[in-house]
Amino acid sequence: MKYYSTNGNAAHATLHEAVVKGLASDKGLFMPQVIKPLPQSFYDEIENLSFQEIAYRVADAFFGEDVPADTLKQIVYDTLSFDVPAVKVKENIYSLELFHGPTLAFKDVGARFMARLLGYFIRQEGNEQVNVLVATSGDTGSAVANGFLGVEGIHVYVLYPKGKVSPIQECQFTTLGQNITALEIDGVFDDCQALVKNAFMDADLNQHMKLTSANSINVARFLPQAFYYFYAYAQLKKLGKADQMVVCVPSGNFGNICSALFGKRMGLPVKRFIAANNANDIFFNYLKTGDYNPKPSVQTIANAMDVGDPSNFARIYDLYGKDHAAICADISGATYSDEQIAESMRQCLAETGYVCDPHGACGYRALSEGLQEGEVGVFLETAHPAKFKGVVDGILGSDIEIPAKLQAFMKGTKQSVELPKDFESFKAYLMKQ
Ligand SMILES: *Cc1c(COP(=O)(O)O)cnc(C)c1O
């Protein structure tokens, strides 16, 4: 399969090139040239298949031409060693819990899949070490660090702003050791991101070491998220609830919902989608007006969705042939203030007994408000509420239990390298590695 750039000014890439480069040379995002529909027989029996079996069929449609079947199967099975249950919250509303993986958030699947696929390509090439640089404000760093942990031929540098990530988040990427190095930058998240961007453009560094990124624009990270939606459908179908399925995705960079839209192109019977946003309402406004106006992000209590210029908008726009009406026909939007998010969390708990995290709460609210007669809604619960314990307990007056998996991280010893925020110091450090 070849991948083209959404900007249309780059040579088509192989999967291997697209995964290693991340971004096309014209700064566009890679798109597969063909999206293969899955046969009706697959949908007819989907409720009898396991999550892994379903995911392998989906992965085969995307990557089967470029990765040998046994290797791909192993990558999929290895990635999905945990369940993604659809839990009934109230009549006709289900929470698809994406937080049973190693770092209790949905980014685990994309990160693990990408690590294994990149590891395969590195072995093919004769094992030259690849170095992944990732800037994080919290969640991405933990998913990438854990996803890549122990993968041969890859070293990961996680850059994070000193004192600006929660202790629970910090311990998930600073206590791992092995091929994971945490770089504690004396600055803010934007400084970390600028360091990574500059590193990719620096000729000396690129000559010294092979660098790549692992952010959500990478095809190997965002496409595997489609697995979730097929499995959600299978679970609802088993319950006889899948005829008018509405999928609601709490969205930031729009990678997750974009993979779902690919799923629909492959024939997955989703009636419509809702993109739930916090106060960062760029996509919401696009749906309303047809104009895409990025703006600086605003800080909210659903902070993994604080994105002012969602990267994957370019993919959605391309997927629908730049047609605003076609996009609106499949996707509607919602935007909520922090007060509304908090109110929804309290209301959900009071009415149903279910604890939403601030991200999932946006999804729950959008379904509660927008579901029509006959529809059944699934919202994605993108992270375990304990990952945002401070915020959640503050809102709900609770003392939610920290799952054993998170506690285990907290028992580890923090190892990090402290660096100032100027590029020369960062470069000097990398040149010594
Ligand atoms: C990353 C993230 C999101 C947003 O996902 P996108 O794919 O960027 O839209 C939502 N919730 C949580 C908890 C996240 O970590």
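Phenylalanine 313 is buried (under 20% relative accessible area, with exposed meaning over 50% and partly exposed in between, for a 1.4 Å probe and protein chains only), as its relative accessible area is 7%. Tyrosine 317, at 29% relative accessibility, counts as partly exposed. The model is predicted, so that local features need pLDDT of at least 70 and side-chain atom pairs count only at pLDDT 80 or more, whereas totals for chains, interfaces and linings use all residues. Residues are numbered from 1 along each chain as its sequence is written, and side-chain values use heavy atoms, with hydrogens and water left out.

Aromatic pairs were defined for rings of Phe, Tyr and Trp (its six-membered ring) with centres within 6.5 Å; planes under 30 degrees apart count as stacked, over 60 as edge-to-face and the rest as tilted. The count comes to 21 aromatic pairs. In one of them, the rings of phenylalanine 62 and phenylalanine 262 have centres 6.4 Å apart and planes at 65°, so the pair is edge-to-face. This pair links distant parts of the chain, 200 residues apart, with phenylalanine 62 in helix 3 (residues 51-63) and phenylalanine 262 in helix 12 (residues 255-265); helices are DSSP runs (H or I, at least four residues), numbered from the N terminus. Both phenylalanine 62 and phenylalanine 262 are buried. The pair of phenylalanine 313 and tyrosine 317 is stacked, at 5.4 Å centre to centre with 20° between the planes. Both residues lie in helix 14 (residues 313-319), 4 residues apart, about one turn of the helix. Ring pairs also link Phe62, Phe63, Phe113, Phe222, Phe227 and Phe262 into a cluster.

A charge sits over a ring if NZ of Lys or CZ of Arg is within 6 Å of the ring centre and within 35 degrees of the ring normal. Lysine 73 lies over the face of tyrosine 56, at 5.2 Å from the ring centre, and the charged end of arginine 265 sits over the ring of tyrosine 320, 5.2 Å from its centre.

On a 1 Å grid over the protein atoms alone, a pocket is an open set of points with protein on both sides within 12 Å along at least five of seven lines, a cavity is a set where a 1.4 Å probe fits but cannot get out, and lining residues have an atom within 4 Å of a point. A volume is the space filled by probe spheres set on the points, which are joined across faces, edges and corners. The second largest pocket has a volume of about 190 Å³, and helix 5 supplies the largest share of its lining, 5 residues. The largest cavity holds about 40 Å³, and its lining includes Phe254, Asn278 and Met305.

Technical notes:
Helix = DSSP H or I, 4+ residues; strand = E, 2+ residues; numbered from the N terminus.
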